[in-house]
Amino acid sequence: MDTIKLNDNNKIPVICYGSNIISYNRDNFFKNIILVIKKILLLKFNELKKDFSICKIIDEMGKNDYSAIDTSRAYGISENIIGHKIRKKREKYFIITKISNYDQYNGNIEWSLKDSLVKLKVNSVDLLLLHWPVPEKFIETWKEMEKLKGKGLCKSIGVCNCNVHHLEEIKKNCSVIPAVNQIECHPLFTQKELRDYCQKNSIQVLAYTSTARMDTRLYKTCLVDIAKKYNKTITQVILRWHIQIGNVPIFNTTNVKRYKSNIDIFDFKLTSEEIEKINNININSRLRYDPDNCDFTKL
Ligand SMILES: NC(=O)c1ccc[n+]([C@@H]2O[C@H](COP(=O)([O-])OP(=O)(O)OC[C@H]3O[C@@H](n4cnc5c(N)ncnc54)[C@H](OP(=O)(O)O)[C@@H]3O)[C@@H](O)[C@H]2O)c1
């Protein structure tokens, strides 16, 4: 897997799998057992299969030399499962986790990372992110994260969901410039201005909801013809577009075949005209929360 050098010289794989099992509780084993039993009794086997597809996908990732996986304290039992699955081959995974809003409100920044490390069964993560720029909190949180990097508990530190004004505030008040900014970005919402700012400031963009959750509107665009031309899927063309415009895309799937297909994008190259056409699909349609207008206590 190719890698990109971050502003602190650490390297991140060019594409990343996003793991998210929010229906399960990270700390309550018995509640989870009851949830599984309920799903069995209600014959929801497909749902259960999807919930635990992450196990098979992590095994699949282990067949590559180096793969990136994105998790968070807010993603239910995702950290626990990753820890269990990677414990014998840590060196094969670039692990990203995040400081949740709940922990920012409580001010438990070091405790929260240490708890994540226990769940992930590792001594350090490759990248620690601030999940949301919680007003009145995120600057203090960032300063704590700088200390955690100094202590070697995480190799790089970065942010999520920061707009230019949040990044400017960090630049003005703190010593470390974020290595990455993980933001919503896809053909329906390309965030050009923010991406340009990040590029100018050597902040790597990690694109989440990178396939726009395969929104039906994508099937009425130039992506259809471009995919036909290269004998690829629309998802593969979108992920390839991200890489060529300098993003590290993060995608989620509960299907191993789709995981394999989504990373099979290194045998073709979009032309600059095709890149421009995909850029022009943008209709500023945000599918997730707006960091300048959301209830941080609910995320
Ligand atoms: N930092 C943040 O605040 C933040 C916020 C949101 C997300 N994220 C990260 O980004 C990751 C991805 O985000 P996301 O789940 O919102 O968006 P996404 O990856 O764009 O969309 C996932 C959806 O796309 C479908 N899909 C994937 N590959 C496909 C294919 N080849 N063909 C058809 N459908 C396909 C999946 O369905 P199937 O399961 O059926 O394949 C799933 O429903 C998350 O897991 C998380 O790690 C971060």
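Q: Leaving aside its neighbours within four places in sequence, which residues is Q182 in contact with?
A: This is a predicted model. Q182 lies in strand β8, residues 180-184, and is buried, with a relative accessible area of 3%. Beyond four places in sequence, the residues in contact with Q182 are D70, K98, L129, V159, C160, N161, L206, Y208 and I250.

Q: Is Q182 buried or exposed?
A: A residue counts as buried under 20% relative accessible area and as exposed over 50%. The relative accessible area of Q182 is 3%, so Q182 is buried.

Q: Which residue in β4 is the bridge partner of G18?
A: Strand β3 (residues 16-18) and β4 run parallel and are joined by three bridges. Strand β4 covers residues 67-70. The bridge partner of G18 in β4 is D70.

Q: Are the residues on the two faces of strand β4 buried or exposed?
A: One side of β4 carries S67 and I69, and the other carries A68 and D70. Both faces are covered, and these four residues are all buried.

Q: Which residue in β5 does D70 stand opposite?
A: Strand β5 spans residues 93-99 and pairs with β4 in the parallel sense over four bridges. Within this pairing, A68 has F94 as its bridge partner in β5. D70 stands opposite I96.

Q: How many residues of β5 are buried?
A: Strand β5 is joined to β4 by four bridges and to β6 by four bridges. The strand is largely enclosed by the rest of the structure, because the number of buried residues in β5 is seven of seven.

Q: Which residue in β6 does I96 stand opposite?
A: Strand β6 covers residues 125-130 and runs parallel to β5. I96 of β5 also has D70 standing opposite it. In β6, I96 stands opposite L127.

Q: Leaving aside its neighbours within four places in sequence, which residues is L128 in contact with?
A: Beyond four places in sequence, L128 is in contact with T97, K98, I99, L113, M145, L148, C154, S156, I157 and G158.

Q: How far apart in space are K119 and R73, C-alpha to C-alpha?
A: K119 lies in helix α6, residues 109-120, and is buried at 12% relative accessible area. Its contacts beyond four places in sequence are R26, D27, E79, N80 and G83. K119 and R73 are 46 residues apart in sequence, and their C-alpha separation is 9.7 Å.

Q: Is L43 buried or exposed?
A: L43 is found in the loop between α1 (29-41) and α2 (45-51). Although not a glycine, L43 has a positive phi of about 60 degrees. With a relative accessible area of 61%, over the 50% cut-off, L43 is exposed.

Q: What is the phi of N231?
A: N231 is in the loop between α10 (223-230) and α11. At 71% relative accessibility, N231 counts as exposed. N231 is not a glycine, yet its phi is positive, about 55 degrees.

Q: What is the radius of gyration of the protein?
A: The secondary structure comes to 13 helices and ten strands. For 299 residues the globule rule gives 19 Å, and the protein is close to this, so it is as compact as a globular protein of that length. Its radius of gyration is 19 Å.

Q: What percentage of the 299 residues count as buried?
A: The cut-off for buried is under 20% relative accessible area. Of the 299 residues, the share that count as buried is 53%.

How values were computed. Residues are numbered from 1 along each chain as its sequence is written. This is a predicted model: local features need pLDDT of at least 70, side-chain atom pairs count only at pLDDT 80 or more; totals for chains, interfaces and linings use all residues. Side-chain values use heavy atoms; hydrogens and water are left out. Buried means under 20% relative accessible area, exposed over 50%, partly exposed in between (1.4 Å probe, protein chains only). Two strands pair if DSSP finds at least two bridges between them. Contact means heavy atoms within 4.5 Å. The radius of gyration is taken over C-alpha atoms; the globule rule is 2.2 Å times the number of residues to the power 0.38.
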